[in-house]
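I set out below, entry by entry, what I looked up in this structure. The entries begin with the ligand and then pass to the cores, the helices and the loops.

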Amino acid sequence: MSDAPLYLEAQLDRTPASLLRSAAFLHTLVDALGSPLNVILPEQIAQNADRFGSVLHRHQLAGRVFFAHKANRSSALVRRLTTTTAGIDVASLAELQHALGAGFTADRIIATGPKDPEFLWLAARSGVIVNADGAAELLMAARLVRAYELPRLRVVLRLSEFETSGARVLSRRSRFGTSVKALGDLLDILDAQQDSLEPIGVGYHLDTTGLDEKASALEGCLRAVEELRLRGFGPRAIDVGGGFGVNYLADGAQWDRYTSALTTAVMGGRAPMTWGGHGYGLRAENGTLKGALGLYPAHRPLAGAAYLDELLSRPALGLGRPLGTLLLESLCDLYAEPGRALVDQCGITLGRVLEVRDSETGERLVRLAMNTGDVGLEDHGVLIDPVLVRRGSAPAENESPVAVHLMGNLCLESDLITRRTVFLPALPQPGDLLAFPNTAGYCMDFTATGAQQQPVARKVAVSEAGDSWRWCLDEQYWPLTATVGRTESDSGGRTA
Ligand SMILES: *Cc1c(COP(=O)(O)O)cnc(C)c1O
């Protein structure tokens, strides 16, 4: 690989950047707790929640931002969030139990996703808001409420397949939600179940980055709210779901260079940039480029809270004025369910380098004490460079850029941490750490398995304490400040 290095450097906030420079601390953690290791920064989720809150404020909207729990299992993140004004979106019985156990009250919990009877029962029993997928779920909820004499259950109707006023269908088909065309049927059910169910609003969740599609869905919800009112219900919230996204990369030019070089490589115009010539969805057929790049758009100038701001500032296609204004005039609260965006900058994943060697064909292989499930970058198509965290000082000959392939610890040909060739500013050596930045959203524990009985990463929560770091195991973390919860001298968390 003689070409100039093609870096994809991470976008890092001040605190995670400072953490990555704290080599001795990170090595101490991995020495004690093993590799792989997930490091959580709970303060960051509070900052992200504030940013979303400011957007609501700027548009004079009331409402709530619910963290989509499925993005990360960390207790520290969930517990830290209880001290903000945010709520939580739970998608399973265990996530609901976790949220309740962390201190979330029912008014700050919304239950989404496919629901089994136990999940729905606990949701109804504890009085959380249920984001209902369709008729069957409404009927099951009503039966549970009646059978167990539970309080009237607040429900939000998840809708899909919205059309614009021009009748062009802009939102794709989804496995979830009820087509707006069938809204009347849901309202018939709600009419019949008035004693058990209280429809408080409508919503959508679209797994897309497209603003047009979301704007059209939001407009569709504004119309649906009117329909509910005409039928005598009192809706008061619109739920715009999640999917606000994260900007993973510091430099858009690096992303453009990287993706065009990948395309060139797929076409045979330069040496392969991946293990086995994998094309990330692209392929060459008789000299023409086919397929589509199946990667997360890692450089996203408009992401997170700013994306929500942009959505609310958009003029509605059919109605002319900004969607935020229309929401305000409809007297609806805004609900949002960001997952990935709320855990932006909230964690890193560490893996220890076990071996560095050259393959017969001249590739540099770096084997790590972790596997592909431990850092799901490849699964989610997120390409970011790991950061080399040296154990000691490096031999001088190792200090020039290298192209490497990152191998996992499973006895499996396909166990590559990433299929792409990774460029590093220097060659790692055994004992060094590679730190994968910004993994808290889906890339930390979503795909971790314990295959081959390799250890599943532990999690630690860390926070800055002056010039050093305070840390504890994730499950030991509670959001008590040292001054309120206990005295400084027995503050529990260790510092390094
Ligand atoms: C996954 C999910 C979210 C979160 O999506 P992100 O892309 O992580 O923001 C929100 N709502 C529902 C219903 C989901 O399934």
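**Entry 1: ligand.** I began with polar contacts, that is, pairs of N or O atoms within 3.5 Å; within protein, one must be able to donate a hydrogen and the other to accept it, and residues adjacent in sequence count only if both atoms are side-chain atoms. I found an N or O atom in the side chain of lysine 70 at 2.7 Å from an oxygen atom of the ligand. Glycine 339 places a polar backbone atom 2.9 Å from a ligand oxygen. For tyrosine 442, a polar side-chain atom is 2.5 Å from an oxygen atom of the ligand. The ligand taken alone exposes 390 Å², of which the protein buries 88%; I note that accessible areas come from the Shrake-Rupley method with a 1.4 Å probe, and that for residues only the protein chains shown count as cover.

**Entry 2: basis of the values.** The model is predicted: local features need pLDDT of at least 70, side-chain atom pairs count only at pLDDT 80 or more, and totals for chains, interfaces and linings use all residues. Residues are numbered from 1 along each chain as its sequence is written, and side-chain values use heavy atoms, with hydrogens and water left out.

**Entry 3: proline 338.** I looked up the loop between strand S12 (333-336) and strand S13 (347-358), where proline 338 is found. Helices (H or I, at least four residues) and strands (E, at least two) are DSSP runs, numbered from the N terminus. Is proline 338 buried or exposed? Proline 338 counts as buried because its relative accessible area is 0%; buried means under 20%, exposed over 50%, and partly exposed in between (1.4 Å probe, protein chains only). Leaving aside neighbours within four places in sequence, its contacts (heavy atoms within 4.5 Å) include Phe52, Val65, Phe66, Phe67 and Ala68. Gly241 is also in contact with proline 338; the two are 97 residues apart in sequence and 6.9 Å apart in space, C-alpha to C-alpha.

**Entry 4: nonpolar cores.** I took a nonpolar core as a set of buried Ala, Val, Leu, Ile, Met, Phe, Trp, Tyr and Cys residues joined through side-chain atoms within 4.5 Å. The largest has 87 residues, and Leu157, Ile238 and Leu308 have the most contacts inside it. Helix H9 (residues 211-230) gives the largest share of this core, nine residues. Apart from it lies another core, of 39 residues, among them Trp255, Tyr296, Ala298 and Leu377. Not counting residues up to four places away in sequence, leucine 157 touches Ala132, Leu138 and Leu228, among others.

**Entry 5: helix H6.** In H6 (residues 117-126), I found Phe119, Leu120, Leu122, Ala123 and Ala124 buried. These residues pack against several elements, including helix H5 (93-102), helix H7 (135-147) and strand S6 (153-160).

**Entry 6: helix H10.** H10 (residues 252-266) has 15 residues and reaches 21 Å from its first C-alpha to its last, close to the 21 Å expected at 1.5 Å a residue; the expected span is 1.5 Å times one less than the number of residues. At its start, a side-chain oxygen of aspartate 251 comes to within 2.9 Å of the backbone nitrogen of alanine 253. Among the buried residues of H10 are Trp255, Tyr258, Leu262 and Val266. An α-helix has 3.6 residues a turn, so residues three or four places apart point the same way. Strand S10 (282-285) and strand S11 (288-291) are included in what covers the buried residues of H10. Glycine 268 follows H10 with a positive phi near 85°.

**Entry 7: the S18-S19 loop.** Threonine 447 lies between strand S18 (433-436) and strand S19 (458-465) and counts as buried because its relative accessibility is 19%. Its side chain reaches the backbone oxygen of glycine 373 at 3.0 Å. Glutamine 453 is found in the loop between S18 and S19 and counts as exposed because its relative accessibility is 77%. Phi of glutamine 453 is near 60°, a positive value in a residue other than glycine.

**Entry 8: cis peptide.** Last, I noted a cis peptide bond that joins serine 35 and proline 36, with omega about 0°. Proline 36 is in the loop between helix H2 (23-33) and strand S1 (37-40).
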